[in-house]
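Thank you for coming. I would ask you to keep the sequence and the model in view while I speak.

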Amino acid sequence: MKKALIVWGGWDGHQPREVAGIFQELLEKEGFEVEVSDTLQAFADGEKLKGLDLIIPVWTMDKIDQKLVDNVSQAVQSGVGLAGCHGGMCDAFRENVDWQFMTGGQWVAHPGNDGVEYTVNVSNSSSPLVEGLEDFTVRSEQYYMHVDPAVEVLATTRFPVVPGPHSLNKAVDMPVVWTKRWGVGRVYYNSLGHQANIVEMPPVLELMRRGFLWAAQGKQS
């Protein structure tokens, strides 16, 4: 049985407890043994982390001890998957560049804040992570991110949608879903998921399900 660790906390506005519960239920339906923790000390035992198949951070806007980041990084390098969404993974620890390097990006803005209607364009890709999925519309925060050029982009959204200081630049397609490697570990990220109702949208939940399963296979590849 595959083992997953979900660690939730940080800013309450992202409903981390509720999102962690959704992910726990999803993974248990897929046959995972799931541990859920509300403390970053869950990352303190590096050897235990290496025995997992998947780590899911659901933790926004906080600080973290460098040793804990190193433990997660070393586990992922050894083949443990890392997967998450929205600010729970790529706005978790703004001061820690090692975390950002590992995850593949960092949130920097959401012009228009919550309630912006925009399209998520699924990339024409051979990846099974998006096979058969169609473009869809969401009303939520639209994440503008600084993104690692090494990632494989699986879905994008077009900026600008709302006015802002970025609007006079040319239109850009911002990554929404991506994968990358960290050592031999697999990293999966989806910028959707401001709150639990967005995570529960069928296309978002299916993207997360596929991403979790893919990331958890890193030790077998």
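Cys-85 is buried, with a relative accessible area of 6%, where buried means under 20% relative accessible area, exposed over 50%, and partly exposed in between, using a 1.4 Å probe and protein chains only. Before I continue, please note that this is a predicted model, in which local features need pLDDT of at least 70, side-chain atom pairs count only at pLDDT 80 or more, and totals for chains, interfaces and linings use all residues. Residues are numbered from 1 along each chain as its sequence is written, and side-chain values use heavy atoms, with hydrogens and water left out.

Which cysteine sulfur is closest to that of Cys-85? It belongs to Cys-90, at 9.9 Å, which is too far for a bond. Cys-90 is also buried, with a relative accessible area of 1%. Given that a disulfide is a pair of cysteine sulfur atoms within 2.5 Å, the count of disulfides is 0.

Two or more lining residues come from each of α1 (16-29), β3 (54-60) and α4 (86-90); helices (H or I, at least four residues) and strands (E, at least two) are DSSP runs, numbered from the N terminus. By class, the lining has 5 nonpolar, 6 polar and no charged residues, with Ala, Val, Leu, Ile, Met, Phe, Trp, Tyr, Cys and Pro counted as nonpolar, Asp, Glu, Lys and Arg as charged, and the others, Gly among them, as polar.

I turn now to strand β11. Strands pair if DSSP finds at least two bridges between them. β4 (residues 81-85) runs parallel to β11, joined by 4 bridges, and Gly-84 stands opposite Tyr-189. On β10 the arrangement with β11 is antiparallel, with 6 bridges, one of them pairing Trp-182 with Gly-185. These two strands form a hairpin with 2 residues between them, and Gly-183 in the turn has a positive phi of about 65°.

Finally, the aromatic pairs. Rings of Phe, Tyr and Trp (its six-membered ring) pair if their centres lie within 6.5 Å; planes under 30 degrees apart count as stacked, over 60 as edge-to-face and the rest as tilted. The count is 6 aromatic pairs. One of them, Tyr-144 with Phe-159, is edge-to-face, at 4.9 Å centre to centre and 75° between the planes. It links strand β8 (residues 144-147) to strand β9 (residues 152-159), the two residues being 15 apart.
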